[in-house]
Amino acid sequence: MANKSEFEEMEMPTPCQKCGEIFDLLDGLSSFKWFPNTVICEKCGNKEVEEIEKDEEIEDLKAAIEDAEYTIVSAKKRLQELGVEEDKTPS
Ligand SMILES: [Zn+2]
C-alpha cells in the first residue's frame with residue numbers, strides 16, 4: 001500500500017482494475033486486452049504488454065507452422081502430379 005505522503009503527491013489517485021493498488025492516473029497505461037478503454041497502473045500495463053507480445057508471437061508461430069504445412073502438402077501434391085513417388089519416410 002502507498003503511504004499517506006505518497007498518496008497526497010498523486011494528482012489523480014485511482015485504484016488499478018487489475019491489482020487493486022492505488023496509482024496516479026497520469027502514470028497509468030491504457031489497457032487493451034484485460035480492461036479495454038481503461039487506464040491501469042504502470043506495473044500491470046507493462047505486464048499486459050508482455051502478455052500481448054507473447055500472444056502475438058504465439059500467433060506468428062502458429063501461422064508459420066500452418067504455412068509450412070501448406071507448403072509441404074502442396075509440394076507433395078505437385079510431386080504426385082509429376083509422377084514422382086512420395087517419400088515413404090515418416091514426416
Ligand atoms: Zn495494477
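Here is a quick tour of this chain, from its overall layout down to a few single residues. The model is predicted, so local features are taken at pLDDT of at least 70 and side-chain atom pairs at pLDDT 80 or more, while totals for chains, interfaces and linings use all residues. Residue numbers start from 1 along each chain as its sequence is written.

**Overall layout**
- You'll find two helices and four strands in the chain; these are DSSP runs numbered from the N terminus, with helices being H or I of at least four residues and strands being E of at least two.
- Going along the sequence, the order is α-β-β-β-β-α.
- Buried residues account for 9% of the 91 in the chain, where "buried" takes 20 or more other C-beta atoms within 10 Å of the residue's own, "exposed" takes 12 or fewer, "partly exposed" is in between, and C-beta atoms are placed from the backbone.
- Of the contacts between residues at least 6 apart in sequence, 9% link residues at least 24 apart; a contact means that two C-beta atoms, placed from the backbone, lie within 7 Å.

**The nonpolar core**
- C16, F23, I40, C41 and C44 are the five residues of the largest nonpolar core, meaning a set of buried Ala, Val, Leu, Ile, Met, Phe, Trp, Tyr and Cys residues joined through C-beta atoms within 7 Å.

**Helix 2**
- Helix 2 covers residues 42-81, which is 40 residues, and its first and last C-alpha are 58 Å apart.
- That is close to the expected 58 Å, worked out as 1.5 Å times one less than the number of residues.
- Helix 2 lies largely in the open, because the number of buried residues among its 40 is two.
- After helix 2 comes G83, with a positive phi near 80 degrees.

- L26 sits in the loop between strand 2 (22-24) and strand 3 (29-31).
- With 10 other C-beta atoms within 10 Å, L26 is exposed.
- Not counting residues up to four places away in sequence, L26 touches E11 and M12.
- M12 is 14 residues from L26 in sequence, yet their C-alpha atoms are 6.9 Å apart in space.
- N37 is in the loop between strand 3 and strand 4 (38-40), and its phi is positive, near 65 degrees, although N37 is not a glycine.
- N37 counts as exposed because it has 7 C-beta neighbours inside 10 Å.
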